[in-house]
Amino acid sequence: MNKIIIRLPGGGRIKEKNQHQDISWWGYRGFHIDPEFYLGISSIIKSNPDCIFYFISGGVGAFMYTNFSNAINLDDKITSEVGCEIVSVLHKILIGSLIERDVQVCPVEVGLDGLDDPNYSNYSCYFIKPNPNTLSTDSLAASVAPIVEADLILFIKEGAPTYYVGFDTPTKVTEWSIENIRLKSVEVVGNYLLDSEALDILENVKPKALIIPPEIFSNFSFKKESYGFGSKDYYTEIKS
């Protein structure tokens with residue numbers, strides 16, 4: 001079986017509705033997590049029966065809670081735990097959705113230390129339990145690779161393969177070395193594209209790794225050339 005790690009998108013999944021709110025403090029109800037991307041996950045799993053998928057969600061909307069935590073001066077440990085819990089809520093929703101669609105999904109999150117547990121060996125996909133000891137969901141995704149001997153990691157990020165932060169103008173990058181990502185990150189405050197822990201793991205383990213935009217994920221086929229994504233103009237390959 002082919003082992004595929006999917007870091008699901010975070011930023012960009014919250015969209016504005018075309019819906020007027022009569023009461024001003026209900027303005028937040030004009031935004032929602034767009035379900036369209038997530039509704040296609042079951043089809044991808046079913047159309048790739050020779051693959052086992054390991055999903056890690058980005059923290060969709062988690063910034064509101066982690067920013068609030070920081071604003072009231074909670075320590076970093078609690079803020080990190082809050083972010084993890086938001087990701088776990090997203091996982092619970094997605095697991096329930098896949099069960100309803102007759103996907104053989106593990107019904108609970110699996111921690112990094114449980115991936116080799118024989119009790120979790122009969123499913124076509126798993127959601128990885130967030131770990132506050134990792135820097136981000138990107139590094140969590142990378143951490144799965146050596147444990148399961150992954151064949152491919154897909155980091156799904158809005159806008160890829162065109163990047164804005166750290167460039168004078170929007171720049172398309174179809175191949176990006178880990179060394180150059182590190183150099184670019186020096187110019188940016190906070191984590192850049194992929195955090196240092198994720199880059200270290202990718203450099204050591206050397207799995208095939210791509211950064212793709214959400215719009216092409218529905219085309220994924222492990223057996224097709226370029227995984228069904230078309231030419232390299234549509235994604236970024238990470239080179240070790």
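Begin by selecting helix 4 (residues 76-100), which lies across strand 4 and strand 5 and runs at about 160° to strand 5; axes here are lines fitted to C-alpha atoms, for helices over the stretch in contact, with angles from 0 to 180 degrees between N-to-C directions, and contact means heavy atoms within 4.5 Å. Helices (H or I, at least four residues) and strands (E, at least two) are DSSP runs numbered from the N terminus. This is a predicted model, in which local features need pLDDT of at least 70 and side-chain atom pairs count only at pLDDT 80 or more, while totals for chains, interfaces and linings use all residues. Residues are numbered from 1 along each chain as its sequence is written, and side-chain values use heavy atoms, leaving out hydrogens and water.

Next, select helix 5 (residues 137-148), which packs on the sheet and touches strand 1, strand 4 and strand 6 (152-156), its direction making about 170° with that of strand 1.

The open sheet has 7 strands in the order 5-4-1-6-10-11-9, with mixed pairing, where two strands pair if DSSP finds at least two bridges between them. At its edges are strand 5 (125-127) and strand 9 (175-177), each pairing on one side only, and neighbouring strands are turned by 20° against each other on average, direction ignored.

Within this sheet, colour strand 1 (residues 2-7) and strand 4 (residues 51-56), which run parallel and are joined by 6 bridges; I5 has Y54 in strand 4 as its bridge partner.

Finally, select F63, which lies in helix 3 and is partly exposed, with a relative accessible area of 47% (partly exposed lies between buried, under 20%, and exposed, over 50%, with a 1.4 Å probe and protein chains only).
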